[in-house]
Amino acid sequence: MNYRHAYHAGNHADVLKHVVLARVIAHMKKKDKPFRVIDAHAGAGVYDLAGIEAGKTGEWEGGIGKLAEPFSAEAEDLLKPYRHVIAALNPGGGLRYYPGSPELALRLMRPQDRLLANELHPQDAVALERQYLHDPRCDVTAMDAETCLKARLPPPERRGVILIDPPYEAKNEAEKALRMLAHGLRRFAQGVFLLWYPLKADCTAETILAAVAEMGVPATLKAELRVREAFAAGGLAGSGLAILNAPWKLDEELRLLAPALAERLGLGDWGRATVAWLVEPR
C-alpha cells in the first residue's frame, strides 16, 4: 500500500468528488433521522497544500486553486457547503489547508450523524486517528477496504452514504471496487453508494460503468469531469463518480455544476462534463 493522497489533494478529481459528496450529504440532512457516512479509503483527513507532498506535484493548482473566482449565483448556492468547509479550515483567508472526504463529511454532518473513516496506509491511518480522536461522531479503522465494508454494513442507522475511492494503482483494483460495491448493495440495498473512477487512455471507466449499469439499481447516475485529452502513459485526464440510489434532484444540480467546473478546470478547450443516468429512477 504505497498510495498517499497528500500528493494529489485538491486536484480536479478531488473537486468533483467532494462537490458531489457535499451535495449528497446536504440531501441526507433533509430528513431528521441520523445517517452514517462510511469512507472506505479515507486518507489522512486534512492536507497542507504548502507541504512537501502537495508541493512536489502542484496538482491542487489545477483544481481547487482555480476556484477562487465565483461562479453563477445558482452554482454558488449549490457550492455553499463545500466552500463553507474550505473557509472554515482557512480562517485567516487564502488557501493552505484542504479537506479530505472525512473532514468534509464531519464538518457537514449533524451531532446525531456518524462517520466511519477507514484507511489502510499505516502512516495516514495514524494521522487520521489523531485528527479525530476527540470527535465522538467518528470511528477510525485501519482495515482493507473490502473487509471494512463486509464488517460494517448495514449501518445501525439504516441510512447511509458509502464512498468507495481506491487509487486504482493495482491491476485488480477496478475488479475489487466493483466486488465491494456489489457486496455492499446486497447488505445495504437502500444505501447511497459513490464509486469514484479515473478517466485515462484505457478501458477502466467503460468497464466499471458497464458493470455498474448491469447491477440495475434504480437512480444510478454518472457524473464525469474531463480536463484534458487522454493519451497512453498520460496519467489522469479526468474522473467520474457512479452514484447509486442518487438523491432526488441531484442530477439537476450536477447538470448545473459539472459544466461550470469543466469550463473552469479544463485545459484549453478540453473541459468536458457528462451527467447522465446509467439506470433511470423508478
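Which residues line the largest cavity?

1. **Ground rules.** This is a predicted model, in which local features need pLDDT of at least 70, side-chain atom pairs count only at pLDDT 80 or more, and totals for chains, interfaces and linings use all residues. Residues are numbered from 1 along each chain as its sequence is written, and side-chain values use heavy atoms, with hydrogens and water left out.

2. **The cavity.** The largest cavity is lined by Leu 16, Val 19, Val 20, Ala 223, Leu 254, Leu 257, Ala 258 and Leu 261. The elements that give two or more residues to this lining are H1 and helix H9 (250–265), and H9 gives the most, with four residues. (Helices, H or I of at least four residues, and strands, E of at least two, are DSSP runs numbered from the N terminus.) By class, the lining has eight nonpolar, no polar and no charged residues; here Ala, Val, Leu, Ile, Met, Phe, Trp, Tyr, Cys and Pro count as nonpolar, Asp, Glu, Lys and Arg as charged, and the others, Gly among them, as polar. The space inside comes to about 30 Å³, and the structure holds one cavity of 30 Å³ or more.

3. **How spaces are defined.** On a 1 Å grid over the protein atoms alone, a cavity is a set of points where a 1.4 Å probe fits but cannot get out, while a pocket is an open set with protein on both sides within 12 Å along at least five of seven lines; lining residues have an atom within 4 Å of a point. Grid points are joined across faces, edges and corners, and a volume is the space filled by probe spheres set on the points.

4. **The largest pocket.** Its volume is about 940 Å³. There are 48 lining residues, and the closest to the centre are Tyr 3, His 5, His 8, Pro 166 and Pro 167. Helix H1 (12–28), helix H7 (173–187) and strand E7 (192–199) are the elements that give two or more residues to the lining, and H1 supplies the largest share, five residues. The lining divides into 21 nonpolar, 14 polar and 13 charged residues.

5. **The second largest pocket.** This one has a volume of about 360 Å³. Of its 15 lining residues, Met 28, Lys 31, Arg 159, Val 192 and Pro 247 are the closest to the centre. Six of the lining residues are nonpolar, five polar and four charged.

6. **The nonpolar core.** A nonpolar core is a set of buried Ala, Val, Leu, Ile, Met, Phe, Trp, Tyr and Cys residues joined through side-chain atoms within 4.5 Å. The largest has 88 residues, of which Tyr 82, Leu 194, Leu 195 and Ile 243 touch the most other members. H1 gives the most to this core, with ten residues. Leaving aside neighbours within four places in sequence, Ile 243 is in contact (heavy atoms within 4.5 Å) with Val 20, Val 192, Phe 193, Leu 194, Ala 219, Thr 220, Leu 221, Leu 250 and Leu 254.

7. The whole structure has 16 salt bridges, each a side-chain nitrogen of Lys or Arg within 4 Å of a carboxyl oxygen of Asp or Glu. Arg 23 pairs with Glu 253, the closest N and O atoms being 3.0 Å apart. This pair links helix H1 to helix H9 across 230 residues, and both partners are buried (under 20% relative accessible area; exposed is over 50% and partly exposed in between, with a 1.4 Å probe and protein chains only). Glu 157 and Arg 36 meet at 2.8 Å, N to O. Glu 157 lies in the loop between helix H6 (145–152) and strand E6 (160–164) and Arg 36 in strand E1 (residues 36–39), so the pair ties together parts 121 residues apart in sequence. Both Glu 157 and Arg 36 are buried.

8. Glu 146 and Arg 179 form a salt bridge at 2.7 Å, N to O, joining helix H6 and helix H7 across 33 residues. Glu 146 counts as buried because its relative accessibility is 13%, whereas Arg 179, at 38%, counts as partly exposed. Shared partners also join Asp 14, Lys 17 and Asp 165 into one network.

9. **Helix H4.** Seven of the eight residues in H4 (residues 101–108) are buried, namely Ser 101, Pro 102, Glu 103, Leu 104, Ala 105, Leu 106 and Leu 108.
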